[in-house]
Amino acid sequence: GSARYSYECDGWSPEIDEVTGDATYTATFTGTINQYQVTFNMNGHGDEIIAQTVDYGSTAAEPSPAPTADGYEFAGWYKNEQCTIPWNFNTDIVTGNTTIHAKWLQIFTITWKANGLEYKTTNVTEGDLITPPDSPNLGNYCGQVFAGWTNAEMAETTNVAPTLYPNPTPFPTASEEAPKTFYAVFADYEN
């Protein structure tokens with residue numbers, strides 16, 4: 001369990017010598033504030049952070065600088081493994097051994113292709129809306145103009161795209177399931 005103090009008996013008052021009759025003795029104690037370990041669960045990313053020893057009823061110190069990990073964005077410290085209840089280093093107090101959990105959001109590289117070539121790449125954080133780069137301004141490309149993006153590789157000339165972004169379909173949010181490559185769609189130029 002957890003408690004604020006630990007007590008150790010220092011002795012008796014008055015000191016017990018030879019008992020010769022009825023007497024009252026009082027035990028004397030020294031109280032010490034208990035200390036607890038605060039550990040940081042990095043959830044598989046970033047460098048390990050050294051555990052802190054914290055007095056009962058005190059706050060833990062927020063690790064600084066914030067952790068980093070290639071391909072991920074640090075999204076804060078949390079009380080639970082699911083990373084749904086934030087830990088507030090200013091107000092949350094330690095009352096026992098505690099684990100604080102790091103939340104990470106994956107960063108996805110989105111590739112944008114035009115005319116079979118890589119046009120641009122952009123990085124998008126998990127949960128953020130995928131936003132296209134500026135439209136490829138290739139002028140009047142073989143009698144065609146830029147019409148949008150698709151997540152399906154197509155021939156150089158377009159027919160009906162399976163999914164055309166942003167119209168009629170909005171771009172998705174970045175996730176494991178979302179497309180990571182988009183292809184420019186060109187439509188016949190009309191005067």
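User: Leaving aside its neighbours within four places in sequence, which residues is N80 in contact with?

Analyst: This is a predicted model. In it, N80 is in contact with I85 and H101, once neighbours within four places in sequence are set aside. The term contact requires heavy atoms within 4.5 Å. N80 itself lies in the loop between strand 5 (72-78) and strand 6 (98-114).

User: Why does N80 count as buried?

Analyst: The cut-off for buried is under 20% relative accessible area. N80 has a relative accessibility of 14%, and therefore it counts as buried.

User: Why is the pair K79 and D92 called a salt bridge?

Analyst: The rule asks for a side-chain nitrogen of Lys or Arg within 4 Å of a carboxyl oxygen of Asp or Glu. The closest N and O atoms of K79 and D92 are 3.3 Å apart, so the pair qualifies. Both residues lie in the loop between strand 5 and strand 6, 13 residues apart. By this rule, the count comes to one salt bridge.

User: Are K79 and D92 buried or exposed, or in between?

Analyst: Partly exposed denotes the range between the buried limit of 20% and the exposed limit of 50%. K79, at 38%, is therefore partly exposed. D92 has a relative accessible area of 14%, which is under 20%, so D92 is buried.

User: Which residues make the nonpolar surface patch, and what makes Y5 partly exposed?

Analyst: The patch, of about 430 Å², is made by Y5, Y7, F29 and I33. Strand 1 (5-13) and strand 2 (26-33) each supply at least two of its residues. Y5 lies in strand 1. Its relative accessible area of 36% falls between 20% and 50%, so Y5 is partly exposed.

User: How many helices and strands does the chain have, and what share of its residues is buried?

Analyst: The chain has zero helices and 10 strands. Of its 191 residues, 29% count as buried.

Note on methods:
Residues numbered from 1 in each chain as written. Predicted model: local features only at pLDDT ≥ 70, side-chain atom pairs only at ≥ 80, totals over all residues. Heavy atoms only, no water. Helix = DSSP H or I, 4+ residues; strand = E, 2+ residues; numbered from the N terminus. Buried < 20%, exposed > 50% of the residue type's maximum accessible area, 1.4 Å probe, protein only. Patch = residues over 30% accessible without salt bridge, like charges linked within 9 Å, V, L, I, M, F, W, Y side chains within 5 Å. Areas by Shrake-Rupley, 256 points an atom, 1.4 Å probe, with all protein chains shown as cover.
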